[in-house]
Amino acid sequence: MTASTRPVPPKPIPTAPGTNVRPKRIAAIDWMRGFVMILMVVDHVSMAYHSEHISPDSIAMYSPGFALTDFAFFTRWISHLCAPTFVFLAGTALAISVERKVEKGVPAREIDKDILYRGAFIALLDPTLISFFSQKWTFQVLYAIGMSFICMAALRRLSTGWLLTLALAWVIGGELITLQFWNGEGDGSIPAALLLSTYSSPELSIKYPLLPWLSMMMLGWVFGRYVLDYREGRAKMGPFMVLLISGIVCLAIYAVGRYFAYIDLSFTLFGTEYNGYGNMLMPFYQTTNPWVQWLHVSKYPPSLTYITLELGLMFLLLSAFLVIERRVGVRKNGVLLVFGQTAMFFYLVHRFFLEGTASFLGLRGFFDNIWWVYAISAVLLVILYYLCLWYRDYKKQHPDALWAKYI
C-alpha cells in the first residue's frame, strides 16, 4: 500500500440501479456471510437430528477404516467454509468500523472499551447459553471470535505489515507449535486446547482454540484496512483483484500440501513425525475414495491445508459477489443480505432451537435418513428469514437498545 501525495476522492460504492444513495455497508460482505449461514444450518441440523452425522475433522476423532461416505461427507464438508468466513469477515467489519472511528477522532480508550465489551459478550455466550442448550460445557466459534476481539483491542495498533506477518506466520508454522503441546489425541490439557489444540470429554468440548482463529481475524482486519485505503485512493489494486489473487495462491498452497501427503513425503521434526505437512497429523488414506481424502482436512485444530482451502474458496466467492454487486445492484430484502445483516441473531436463534429440541425433547439423532436434514433445513431457513427481517427492522427502530447493540 502506498500513500498518495494529494487527496483523492473516494472510489464509488456500487448502488442499486435507479438510486443515488450510497450504502454504508458493502453488500458483498453481507452476502458472503449470509451464504455460509445457510450452509451452517444444514450442518447444525445434521448435528442435532441425524443419527449418522459425521465430524472426523481431527486426528483425535478419526481412525483408519472410519467410513466417510460420499454424500454424508459432502454434507459435513460444505460447512467447513462457515467458521473461517465468520472470523475473517468479523475482522474485516471490525477494522472498517474502528478505522472510521479513528478518522473521526473518537478517543482510543472509548474504542478499546467498545471492542472489549463486544468481545467479552460474544465469548461468554458459548460457556453460558450455548452450553445450557447443548447440555455440555462448550467453547466453540463464539469463544474464538470473542477472544479474538479482545486481542484485537491491543493488536489493532500494529501496522498492517506486522499484522499480516504475524497472521501468516501462524497459518504456515502454527502446526509446528501446536504439536509440541498436543500429541493428536483428544485428552490433552485444557489450557493448551483453549489456545492452540483441541479437547473433548463427556462434560467439556473445546474445538476452537484462540491462536489459529485469531490469525484469521487478523487477516480479515488487514483486508478491512485495505478496503478503506482503496476507497480513499491510498491503494491502486482493487479489492476484487486482491481477493482473486489471494484465492488462487491459497488454493495452490492447499494443493501442494495435499500432494505431499498423497505421495507420503514423511519427515521428523522436533520429535514429531509428519505425513507430509499441514494437516495436523491426519494421514492420506489412499485405500478410500480419493476425492474425499483430498478434501479431508483438519478443522480441529485448523491445519494449514484447512485454512488455505477454506479461505481460498471464500476469497474467490467474495470476489464474485463484488462483481455481482457492482453489476446487478442490491435488493433490500434479498435472502443473503438479510441473513448477513442479522448474523448474531440468526446464529443464536437457530442454535438455541436445534440444541434445545435435541437435548430437552429427546430428538438427538432422531432421523437416520440424511434427506430429512435438508428438508428440515429448508423449512427452518424460511422461518429464520422472516424472523431476521423482523429483527433487522427492530434494530433500526431501537438503535440504542443495549441487547440489540451486541446482537
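How far is the sulfur of C388 from the closest cysteine sulfur? The legends below start there.

This is a predicted model, in which local features need pLDDT of at least 70 and side-chain atom pairs count only at pLDDT 80 or more, while totals for chains, interfaces and linings use all residues. Residues are numbered from 1 along each chain as its sequence is written, and side-chain values use heavy atoms, with hydrogens and water left out.

**View 1. Cysteines C82 and C388.** The sulfur of C388 lies 15 Å from the closest cysteine sulfur, in C82, and that is too far for a bond. With a disulfide taken as a pair of cysteine sulfur atoms within 2.5 Å, the count comes to zero disulfides. C82 is accordingly in no disulfide. C388 counts as buried because its relative accessibility is 0%, and C82 is buried too, at 5%. Here buried means under 20% relative accessible area, exposed means over 50%, and partly exposed is in between (1.4 Å probe, protein chains only).

**View 2. The salt bridge between R76 and D57.** A salt bridge is a side-chain nitrogen of Lys or Arg within 4 Å of a carboxyl oxygen of Asp or Glu, and the count comes to twelve. In this one, the side chains of R76 and D57 meet at 2.5 Å, N to O. R76 sits in helix 2 (residues 70-77) and D57 in the loop between helix 1 (27-49) and helix 2, so the pair ties together parts 19 residues apart in sequence. Helices (H or I, at least four residues) and strands (E, at least two) are DSSP runs, numbered from the N terminus. R76 is buried at 5% relative accessibility, and D57 is buried at 1%.

**View 3. The salt bridge between R225 and E99.** Look for the side chains of R225 and E99, which meet at 3.1 Å, N to O. R225 belongs to helix 8 (residues 210-231) and E99 to helix 3 (residues 82-104), so this pair links distant parts of the chain, 126 residues apart. R225 is buried, with a relative accessible area of 11%.

**View 4. The salt bridge between D114 and R118.** These side chains meet at 3.1 Å, N to O. Because D114 and R118 are four residues apart in helix 4 (residues 108-134), about one helical turn separates them. D114 is buried at 14%, whereas R118 is partly exposed at 25%.
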